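Keep the structure open while you read.

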Amino acid sequence: MNQMLQEPEVKSQTETSEIGHPPDTPVRPLAPSHPRFVKPQRVAFVQASWHRDVVEECRIAFLEEIEARHISRAQVDLFEVPGSFEIPLHAQLLAKTRRYTAIVAAGLVVDGGIYRHEFVADTVIKALMDVQLKTEVPVFSAVLTPQQFHESAVHHDFFRKHFVIKGIEVAEACANTLHSLERLKGQVAAGIV
């Protein structure tokens with residue numbers, strides 16, 4: 001199905017002042033409307049504590065965006081692990097409980113430890129994929145591995161802002177996937193698929 005996206009209609013300043021806004025007040029487009037879930041959703045958010053000040057930006061943005069998509073903060077359980085390497089085991093145990101409809105992982109893997117960061121990142125991402133394929137609980141990754149990360153204010157600031165974007169993106173992917181799975185399960189139950 002091919003659908004065209006259309007820009008939201010924005011009223012001119014003259015039209016706006018007629019409805020009570022001063023002419024110099026910028027008009028903000030209405031917040032997008034997101035579909036509601038048929039069944040309650042529960043999400044586990046697993047966060048690595050290395051570079052907590054950077055990674056927590058992902059969690060904060062995720063929680064804000066997921067609420068806009070009709071999964072309340074009370075439906076998200078937060079878990080913290082020492083580092084990204086520990087995320088997959090936690091994700092697997094959480095998925096096996098069948099309490100969660102989705103699991104989100106967030107971490108920052110950088111060079112400087114015992115292992116090369118490429119090894120850790122590859123291992124974590126592969127393990128997270130294995131968890132979702134074995135348990136059929138979707139697992140989303142905001143585990144980032146930049147080519148270069150230095151303990152400097154510039155890099156910290158850049159990656160804090162980048163994790164805000166990733167938090168929004170992972171919330172969008174999580175909600176969209178849960179809607180898709182909800183529809184698919186409904187079709188399977190109805191014998192359509």
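## The strand in the middle

Let's start with strand 3, which is largely enclosed by the rest of the structure, because seven of its seven residues are buried. In a regular strand the side chains alternate between the two faces of the sheet. Here, Ala102, Val104, Ala106 and Leu108 point one way from strand 3, while Ile103, Ala105 and Gly107 point the other way, and all of them are buried.

Bear in mind that this is a predicted model, so how confident is the predictor?

The mean pLDDT of the protein chain comes out at 81, with 74% of the residues at 70 or more. Residues 1-18 are the stretch to treat with care: pLDDT is below 50 there, and beyond near neighbours in sequence the stretch has eight contacts in the model.

## The overall plan

Count up the elements of the protein chain and you get five helices and four strands. Read from the N terminus, they go α-β-α-β-α-β-α-β-α. Of the 193 residues in the chain, 38% are buried. Now take the contacts with a separation of 6 or more: 76% of them are between residues 24 or more positions apart.

In what order do the four strands of the open sheet sit? The order is 2-1-3-4, and the pairing is parallel. From one strand to the next, the twist averages 15°.

Now for the individual pairings. Strand 1 (residues 43-48) runs parallel to strand 2, and six bridges hold the pair. Strand 1 also pairs with strand 3 in the parallel sense, this time over five bridges.

Helix 2 (residues 52-68) lies across strand 1, strand 2, strand 3 (102-108) and strand 4. Relative to strand 1, helix 2 runs at about 165°.

Which residues have the most contacts inside the largest nonpolar core? That core has 26 residues, and the ones in question are Val43, Phe62, Ile66, Val76, Val104 and Cys174. Strand 1, helix 2, strand 3, strand 4 and helix 5 (153-189) are the elements that give two or more residues to this core. Helix 5 gives the most, with seven residues. Phenylalanine 62 is worth a click: setting aside neighbours within four places in sequence, it is in contact with Val43, Phe45, Val76, Val104, Gly167, Val170, Ala171 and Cys174. There is also a second, separate core of 19 residues, including Val46, Ala48, Ile103 and Val143.

Helix 3 (residues 87-96) has Ile87, Pro88, Ala91, Leu94 and Ala95 as its buried residues. Looking down the axis of helix 3, these fall within an arc of 130°, so they line one face of the helix. The face turned away from that buried side carries Leu89, Leu93 and Lys96, which are exposed. Note that two leucines are among those exposed residues, namely Leu89 and Leu93.

Arginine 98 follows helix 3 and belongs to the loop between helix 3 and strand 3. Its phi is near 65°, a positive value in a residue other than glycine. Is arginine 98 buried or exposed? Arginine 98 has a relative accessible area of 55% and is exposed, since the cut-off for that class is over 50%.

Histidine 70 has a positive phi as well, of about 70°, and it isn't a glycine either. Look for histidine 70 in the loop between helix 2 and strand 2. With 26% relative accessibility, histidine 70 counts as partly exposed, because that class sits between the under 20% of buried residues and the over 50% of exposed ones.

Note on methods: Residues numbered from 1 in each chain as written. Predicted model: local features only at pLDDT ≥ 70, side-chain atom pairs only at ≥ 80, totals over all residues. Heavy atoms only, no water. pLDDT = per-residue confidence, 0-100. Contact = heavy atoms within 4.5 Å. Pairing = 2+ DSSP bridges. Axes fitted to C-alpha atoms, helices over the stretch in contact; angles between N-to-C directions. Core = buried A, V, L, I, M, F, W, Y, C linked by side-chain atoms within 4.5 Å. Buried < 20%, exposed > 50% of the residue type's maximum accessible area, 1.4 Å probe, protein only. Arc of directions from axis to C-beta.
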